[in-house]
Amino acid sequence: MDQRPNIVLHVDDVFKSFGGLHALSDIDLQVEEGKTHAIIGPNGAGKSTLLNVIIGRIPPSRGAVVFDGTILTGKKPHEINQLGVVRVFQTPEIFPDLSVLQNVMTPAFAKRDGAFRVALARPLERETGIRDEALHMLEDVGLVDRREVHAGALSRGDKRRLELAMCLIQKPRLLLLDEPTAGMSRHDTNTTIELLKKIKSRGMTKVIIEHDMHVVFSLADKISVLAGGRIIAEGLPSEVRGDPRVQEAYLGGEHA
Amino acid sequence: MDILVLPRKDLIVFICFAVVVLAMPIWLTPFGAAYPGLMQKFVIFALFAVGYNILFGLTGYLSFGHAAFLGVGSYTAVWSFKLLTMDVLPALVLAVVLSGIFSLAIGYVSLRRSGIYFSILTLAFAQMCYNLAYSVLTPITNGETSLQLSRLDARVVDAAFGVVRGERLPSPSLFGVELGGHAGFYLCAVVLLVAFFVAQKVFNSPFGMMLKAIKSNQTRMSYTGFNTRPYALAAFVISGMYAGLAGGLLAVTDPLAGAERMQWTASGEVVLMTILGGVGTLIGPVIGAWLIKYLENIFSAFNDAMLHRTFSFLPDGLQDGVVAVASKFVGEGWHLTLGLVFMLVVIFLPGGIMEGARRIRMAFGQRSGSAPQTKPDPVPAE
Amino acid sequence: MDAILAQLLNGLDKGGAYALIALGLTLVFGTLGVVNFAHGALFMLGAFCAVTIRLLLSMETVTIDPEKLSPWGTPLEVRTPLAQQWFGDWGSVMLDYSVPLAILLAVPIMLILGIVMERGLIKHFYKRPHAEQILVTFGLAIVLQEIVKAFFGPNPIPQPVPTDFRGAADVGAWFGLQAGAVTYPVWRLVYLLFSVGILAAVFAFLRFTTFGMVVRAGMADRETVGILGINIDRRFTIMFGLAAVVAGVAGVMYTPLLPPNYHLGMDFLVLSFVVVVVGGMGSLPGAVAAGFLLGIVQSFASMTEIKSLLPGIDQIIIYLIAVIILLVRPRGLLGRSGVMET
């Protein structure tokens, strides 16, 4: 039997330059199945660019991103989602005009019916399967009491929880989180970390981009440190924490 | 049979709506509007607005070209009367099919852009249709004189069934029953009810929820795994078919089709109806259409003599002044009133009449102390 | 060669009008971020300034001259235009030159109208969705054109070309062609020069004055300019007034070429939107280039040779170009990317 860990996401030798500026060079990442892989680094290290390259939004100048044998580069967002790669945004992207429950039902339909289907015959009310599933999900994130509220009226922390519920109901094979606690109050940050810890036990693969070390060390199985567009260190949280280069990258810039 | 099922609340709405529509000849009498010609217009433009709202109300795409599909429907129906038969069924079916094809083509191209660019693309296509209908397509559209029936038309199906050419122009019929006056109205009313039911199904279906989600946040929609363009295109084609059906019915009630039906101001009119009534609601566009058509009928019929009678209680000098001012707003000037009302609605009540009704209901609800139970916010909103 | 030159010239004056309207439209969009469907109505209002001036100047007093008798033996009625009474011989000159004179009336009126419009209505729509901006200005356009209809009636009102500018210029001869090969109405030439002059003035104003520089900076990055403590809003309001003036004078001078009626504005609006989109939303040079380009293209498309090849092409060519440009180059010829995509 092959004992090697199963690599789900492979960022293969990616370069990206804007004009003459090297935003990313020599990026090589391997994300193992079922693990939480964090990418950290100071502001301007190229984290967001890397995420956008992974999700196919920015084409790399060189190299490729491979998810489970499929090249993601050049695919449309909905195609990438249908492959099982789901993204959580820095500022929660939800449907502000729909109810909280409908917000969670919508992605469940995408999972069941695919990228496009004109489902007219059966009224929404009779979609009990999806409805129950969505209610379950809302219970998990603690929003079930607010299921009939317009999502736009939620607090930022609740919007984040809602967005997580929307992503999790699709049972993604790979979840990408872009600074999930950016701009949040301490209280909201803590509840979000709790929630992320809770879903950690479900064993789905996660890539988390984060600026805040505190968030990362409590969640990640493996950490890659990005600075100046390069990966300067990689390893277990304990290894990375003591690495002098990391210290320098952070202390040289700003301390989180 | 899911396909015929509506949630209880919507079923009640549908039944009430059906009663209101079918009883039009009764309740419109006190308003002096219970004659068939006007009632047919009420019903047909309500149908047009309900369909338009499926696109604009649900997906938020503001089209300025839907009158083109109305025109296509009218031309198709008249040609069906001329070439095939005076029966309305093929005419309506063909009108819907052809306008569907047109809207598929135009929508496919226009939906490659969003926002203002989408509006301008639809506008450009509608103007092309209109200009062509007036110029090179005159063999099909008969240009400025409008497409009309003639005694000498082929009507091959009718001829095959041995219908004898009469001395006068034939009129549209359904299974041999002529559709003049009230019969024409009831045909339109039934079509409207079916179309309204379909719109209710759209609003209640997962498909309808997807359309609302596209309006709400298109980025999230595509990252959620939906290909948003075919959804918007489906909404575009459905609303185009509604417009074609409305155009076909216009031809049924009066077998004549002119290019001015396709002008962009006509597209503007359906936007006005939808906004005035309440965009994104089911009943709103219907009310908007009725109100505009009713006011148009009343206001444009007003003349100075009638104004003098209306204001006869005022002293003479003042009366002349008031009449002089008021006369600018009625008769020929009815569009001025329409424009003003429309501006006021957009400025102060973007949700239209339905929003106004909701606010009034809430105000009354609070006064009587039975405000709707809203749960207090446990987390302070930012 | 002759035919091409003739078509080029034919396209240029119309192109000038398109460019002037589109310039204001794109200026308003670039500064205020507002899609103004009432901009065509401003062009129309300018045209009716010319109509008004002419009506005022040609008001007459009727006096009866008891000394003279008409051929029918009744006392002769003498009609004297007020202008003549007040200004003597100058009066008839003024009447002859009513169209250029109307500019004097149009500039202050359009400026005030523009500023009132911006302060009273448009200002409140900056933060609202583009769809609502379109809708409210569309409503305003209807109101404005209906008011004009109420006062001036539905029919076009022809305006005369000043006597000195009537007739045709032998443009062909200037280019060394045979005399009379290419002739061109003098007033259209005037209109072309006029529009070029106005365009140059606007560009010079934006480029060489401090005011213009602030406005251009504001178009590029509104926030930064605001942080610098410059009251950009007031300047933008004045820009709106300026755009209204440009549209207005364009309308005034166009009246001898096309008798104005109340829906003139709507007709030009659709076309000038197409011009703006083709040029690129918010791009001033783009609007000018596209204005002239589309004017010329339209004039070539109406040549009989081309029409016999592609029937109906003259009716749709502009829209067709707009569709193609929007699809292959959504930001237009000279526009920035990503403007107004949502």
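**A guided reading of a three-chain model**

A:Asp212 is placed in the loop that lies between strand 8 and helix 7 (213-219) of chain A; helices (H or I, at least four residues) and strands (E, at least two) are DSSP runs numbered from the N terminus. The model is a predicted one, in which local features need pLDDT of at least 70 and side-chain atom pairs count only at pLDDT 80 or more, while totals for chains, interfaces and linings use all residues. Residues are numbered from 1 along each chain as its sequence is written, and chains are lettered from A and ligands numbered from 1 in the order in which they are written.

A:Asp212 counts as partly exposed because it has 16 C-beta neighbours inside 10 Å. In this classification a residue is buried if 20 or more other C-beta atoms lie within 10 Å of its own, exposed if 12 or fewer, and partly exposed in between, with C-beta atoms placed from the backbone. The C-alpha atom of A:Asp212 is separated by 29 Å from that of A:Arg62, and the two residues are 150 residues apart along the chain.

Two strands are taken to pair if DSSP finds at least two bridges between them. Within the sheet, strand 7 (residues 174-178) and strand 8 (residues 205-210) of chain A run parallel and are joined by 5 bridges; A:Leu176 has A:Val207 of strand 8 as its bridge partner.

The discussion now turns to how the chains meet. Two residues are in contact if their C-beta atoms, placed from the backbone, lie within 7 Å. Of the 2 pairs of chains in contact, chains A and B share the most contacts, whereas chain A and chain C do not touch, their nearest C-alpha atoms being 15 Å apart. Between chains A and B, 33 residues of chain B are in contact with 33 residues of chain A. On the side of chain B, at least two residues each come from helix 9 (181-204), helix 10 (206-216), helix 11 (218-223) and helix 12 (228-253). Helix 10 of chain B supplies the largest share of that side, 8 residues.

Helix 10 of chain B includes B:Ile214, which counts as buried because it has 24 C-beta neighbours inside 10 Å. Setting aside residues up to four places away in sequence, B:Ile214 touches B:Thr59, B:Met221, B:Thr228, B:Tyr231 and B:Ala232. B:Ile214 and B:Gly60 are 154 residues apart in sequence, yet 8.1 Å apart in space, C-alpha to C-alpha.

B:Gly60, whose phi is positive, near 85°, follows helix 3 of chain B. Of the 24 residues of this helix, 21 are buried, so helix 3 of chain B is largely enclosed by the rest of the structure.

Chain B also meets chain C, in a contact that takes 34 residues from chain B and 32 residues from chain C. On the side of chain C, helix 6 (130-152), helix 12 (264-279) and helix 15 (313-328) are the elements that give two or more residues. Helix 6 of chain C gives the most to that side, with 14 residues.

Chain C has 15 helices and 4 strands. Of its 342 residues, 47% count as buried. The C-alpha trace of chain C spans about 75 × 50 × 35 Å along its principal axes.
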